[in-house]
Structures are given as C-alpha cells and as structure tokens.
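Visitor: Please show me how to read the features of this model, starting with an annotated position.

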Amino acid sequence: MLSLDTFASHAIAAFVVLVASFYFYVKYTYNYWTRKNVPQLPPAFPFGNFNALFSKSFSFGPITKHYYDDLKKAGHAFGGVYIGMTPHMVMVDERLGRNVLTKDFQFFVNRGLYNRPNAKTTANIFFQDNQEWKIKRPKLTVIFTTAKLKLFFNTIKQCADELEANMYKVSDGNNDVDIYENMGCYFTDVISSLVFGIEAKSFKDPDAAIRTAGRMLFTDIPIPYQLCLFLAIAYPNIAKILRVPPMPLKVENFFLKLVPETMEYRKKNNIYRNDLLQLLIELEESGSIISNDIIAETFNFFIAGFETSTTVSTYLLYELAKRKDIQEKIRKEVNEVLKKYNGEFTYDAMQELPYMAQAIDEAMRKYPPLATLTRVCASDYQIPGTDVIIEKGTPVIIPVLGYHLNPDYFPEPMKFNPDRFEGNVKYEGYLPFGDGPRNCIGERLGLLQSKVGIASLIKKYEFSLSPNMKGELVLDEDYFVTRATDKILLRLKKVEN
Ligand code: HEM
C-alpha cells in the first residue's frame with residue numbers, strides 16, 4: 001500500500017507533469033506562425049492577441065487595426081496572430097486582402113463564424129457556409145433589384161418624414177441631440193417596416209420591443225452573452241460543445257415569434273405589402289426557399305440593415321457638423337435636385353446626388369461600419385509571390401479599418417474629404433461593403449435609405465457640434481461595431497429655404 005507521503009509526492013509529480021505539458025502545449029501552439037516562417041505578433045495565454053473579455057461588446061475594427069499597424073510598421077505584407085489559441089492570418093497588404101475576397105474566392109467562400117447547430121435565426125446567408133450559402137444567395141439577390149428598391153421608396157420616405165418631424169422639436173439651436181440614437185430610431189423604423197412589415201414607431205416609444213432587441217444585439221449586450229460571444233470568437237470549439245447561443249435568447253425568441261405571427265396575419269387577412277417579407281413569402285410560395293429561411297433571412301436583414309446604416313449616417317452628420325462648407329454644398333445639391341423633381345423625393349432624384357454619394361463614401365472610409373472582414377481558408381492556399389501556405393481551416397482577417405486609414409492610399413487619412421471619391425475613383429483597400437461574390441447584398445438599399453434620411457434632414461436643418469462634445473472622437477474598442485467612446489451631440493437650426 002502507498003504511504004500518504006508517497007501518494008502526495010506522486011500527486012505533486014503528476015501535477016507538475018500536467019502543468020509542464022500544458023505549458024509546452026501552449027508554447028507550441030503560440031509558435032505556429034513562427035514555425036511556418038511567418039512573422040507573428042506576441043500572444044499571451046489565454047486570449048492570444050485578442051484581449052477583449054468582458055467588454056461591452058467586441059470591437060474588431062480597432063483591434064485588427066492594431067494588428068495591421070504593428071505588422072505594417074515592421075514591414076510585413078501579412079502576419080500571424082492568435083485569437084484565443086487559434087492562429088489567424090492577417091492580410092496587411094491591401095492587394096492580398098482583395099485577392100481573398102475576389103480572385104481567389106474559391107479558397108475563401110466562408111466567413112467561418114460560429115453558429116449554433118440548428119439555430120433558426122442564424123441559418124441565414126451571413127452565417128451559412130458552402131452549398132447552403134451558394135444555393136440561397138442568388139435567390140435572395142433578386143429581392144434587391146432596382147425595381148424592388150423603387151417599391152420600397154415610399155416606406156423609406158415616410159420614416160424619413162417622421163425623423164424630420166422629430167428633429168423639428170429640437171431644432172432651436174440650443175438642444176443637444178444624440179444623433180446616434182435618433183438615426184438608430186430612423187433606421188429601426190425603416191428596416192422594421194421593410195423587413196417585418198411592422199411600424200416600430202421608435203421615436204414615440206424609444207423602448208419599443210424591436211428597438212430594444214436591436215440595442216441588445218449591438219450596444220447593450222447583456223453580460224452573460226458577452227461571455228458567450230467571447231467563447232464563440234476565441235474558443236469556437238468549446239462554444240460548440242457548450243452550444244452557447246450566439247445572441248440573447250430573449251432577442252432570438254422575439255424574432256421567432258414575430259415573423260410567423262406576421263406571416264399568419266397577412267395570410268389570414270389577405271394583406272399584400274411592398275416589402276422584403278412579401279418578397280420572401282413569394283419566394284417560399286414558388287418553392288425557392290422554405291419557411292424557416294424566411295425567419296432566418298428577415299432576422300439577417302434586420303441585423304445587417306439597421307446598425308450599419310445608423311453608423312454611416314451618424315458619422316456623416318458628425319463630420320458635416322464640423323465642416324459647414326461641405327454641409328452647405330450637399331444642401332445646395334439636394335435643393336437643386338428637388339427643384340428639378342418639383343420638390344418631390346423620388347428614387348430617381350436620390351440617384352442624382354453625386355456629391356452626397358461622395359460624402360457617404362468618405363464617411364464609410366473613415367468609419368467603416370463593419371471594420372473587419374473574415375474568411376476561412378477552404379483548402380491550402382499559397383500566398384501569391386511567396387512560398388507561404390495558409391493551411392486549410394485557417395481563418396483570415398482583412399483589417400478594413402487599417403486599409404481605410406492607410407496614408408499611402410488616403411493621404412491625411414483623418415481628414416474628412418469627400419473629394420477623394422470624385423469621378424467614381426476606386427481604391428484597392430476600400431471595402432465598406434466587402435467585395436466579391438460574398439459582398440453586401442443590401443448595399444443599394446443601405447445607400448438609398450441613408451441618402452433619403454440625410455437629404456430630408458439637411459434640407460431642413462443646419463447641423464453644428466454641441467459645445468458639450470469633447471474634442472476629437474475616439475473609436476471605442478469595447479464595441480463589436482464601429483462606435484465612438486462618447487455620445488455624438490449635435491445642435492440643429494432650421495434653415496431658410
Ligand atoms: C450602409 C449600409 C451597409 C453596410 C456598410 C454594409 C456592409 C456589409 C459588409 C461589409 C458585409 C460583409 C461583406 C463581405 O464579407 O465581403 C455585408 C454583408 C451583408 N449585408 Fe450589408 N451593409 C449595409 C446594409 C445592408 C442592408 C440594408 C442589408 C439588407 C437589408 C444588408 C444585408 C447584408 C447581407 C445579407 C450580407 C451577407 C451577404 C453574404 O454573405 O452573402 N446590408 N454588409
């Protein structure tokens with residue numbers, strides 16, 4: 001029989017072996033890129049290069065910009081980092097990043113996002129992989145054609161009228177207006193109406209269920225889900241075993257109930273509306289998609305459609321408040337176009353605002369709403385011009401914010417200058433909507449709803465910064481999407497037309 005002393009010394013020895021093995025395992029894992037002769041940024045266990053646990057959310061933009069900056073400063077065209085313990089490749093050179101999205105797309109079809117098996121809301125094209133994505137994407141493309149966008153126009157304009165009317169109440173030049181919150185209400189109204197056929201009335205009821213659901217997904221993520229999100233990003237295999245939900249269950253249940261109820265109501269009452277839900281119902285009736293797809297894709301359009309456009313418009317108005325000359329030039333353009341269309345907002349009129357389009361492009365450059373793109377390598381891929389192989393299964397990071405602030409492409413990158421986009425100039429590293437077969441499907445709708453909102457406001461109000469805003473904006477590292485650390489407070493004054 002073992003004496004107590006012998007048992008204790010065996011236990012200690014086993015523990016030491018275990019700790020030492022784990023230590024060497026971690027060290028070995030964190031040397032993955034070095035072993036492949038790829039430069040890497042120094043990781044630390046357990047977060048690797050992604051120390052974002054218990055943030056309000058997880059901001060990929062500023063974090064991946066640090067990767068980009070550090071690797072670029074050291075003269076590298078690409079380099080390795082570790083998210084948790086998973087090696088990720090960062091494409092520093094813009095041309096390499098664009099190759100991943102376009103020319104070499106067949107190696108990089110999937111985003112590699114965590115998805116809970118059988119989740120109903122996330123079985124959508126943003127999350128889906130391979131065949132599921134390939135089959136569905138072209139079917140959905142048909143609901144974003146020009147003809148369909150024209151059908152949506154009146155709904156968008158009605159929501160913009162509501163936005164304009166709400167701003168009227170605070171347009172005496174003395175009220176601080178939280179512009180992110182107000183634009184969030186406008187886009188929640190537009191997207192809720194277009195996607196679910198419901199009037200969210202976010203201005204009248206800022207805590208309406210759908211607005212609250214939107215906030216819980218992006219900016220007020222409950223703490224337990226911050227942990228789930230961290231696991232999903234840094235340790236997806238553990239997240240899969242634990243089947244962690246990718247979003248608050250309360251939000252998921254809200255959409256799971258809302259969509260079937262709305263469809264049922266429409267069918268029962270023979271209601272036809274010019275909206276995305278109707279088009280999805282028609283796709284289901286023609287056998288193109290199944291009813292679960294309607295739940296998943298409406299949810300997808302909601303999350304993809306309102307926060308992105310809110311970000312673009314918020315930062316555009318912030319920049320315009322600082323640059324009255326640019327603001328005035330856009331106002332003049334809007335007034336001239338509306339005059340041509342007898343004062344009426346129409347789809348065609350919105351296509352004749354080239355300077356405003358440039359200003360939107362510039363806002364998306366400085367503040368890309370999705371500031372990092374990801375793809376996962378489907379089979380071994382040789383980085384062009386090198387002998388480095390990215391192994392099958394390796395996630396690849398495209399640091400969009402880094403690209404957009406690269407002075408080689410955009411001199412004085414922090415300067416807001418819509419002239420950079422004059423004459424439809426194209427930049428290698430400019431990727432506000434991604435690129436290639438998996439780019440943003442709702443790009444034109446996103447731009448249209450932003451233009452209508454901005455044109456409605458700028459025609460009526462002059463924007464300036466509130467004296468209560470402190471200095472330059474700093475992008476918050478605690479958010480998954482692009483957000484500033486402080487509120488953006490503007491003041492509005494009615495303009496004489
Ligand atoms: C200004 C507004 C918007 C911006 C900046 C934006 C940006 C993006 C970006 C960067 C991607 C990823 C592209 C990639 O990985 O290459 C994306 C994907 C997507 N967006 Fe948008 N988006 C906007 C508006 C919208 C709207 C209004 C909708 C629909 C209502 C939408 C639906 C989608 C969908 C479904 C995808 C996934 C496409 C796929 O994987 O096939 N987006 N968006």
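Guide: An unreviewed UniProt entry lists C440 under "binding site". UniProt positions follow the numbering used here, feature names are shortened, and annotations may be inferred rather than shown by experiment. Residues are numbered from 1 along each chain as its sequence is written. The model is predicted: local features need pLDDT of at least 70, side-chain atom pairs count only at pLDDT 80 or more, and totals for chains, interfaces and linings use all residues.

Visitor: Is C440 buried or exposed?

Guide: A residue is buried if 20 or more other C-beta atoms lie within 10 Å of its own, exposed if 12 or fewer, and partly exposed in between, with C-beta atoms placed from the backbone. C440 counts as buried because it has 20 C-beta neighbours inside 10 Å. C440 sits in the loop between helix 17 (400-404) and helix 18; helices (H or I, at least four residues) are DSSP runs numbered from the N terminus.

Visitor: Which residues come nearest to the ligand?

Guide: A residue is near a molecule if its C-beta atom, placed from the backbone, lies within 6 Å of it. Of the 27 residues around the ligand, G305, G434, C440, G442 and G446 come nearest. Two elements, helix 13 (291-322) and helix 18 (443-460), each give two or more residues to this shell. Helix 13 gives the most, with seven residues.

Visitor: What does I360 touch?

Guide: Contact requires C-beta atoms, placed from the backbone, within 7 Å. Leaving aside residues up to four places away in sequence, I360 touches V312, L316, L447 and S450.

Technical notes
Two residues are in contact if their C-beta atoms, placed from the backbone, lie within 7 Å.
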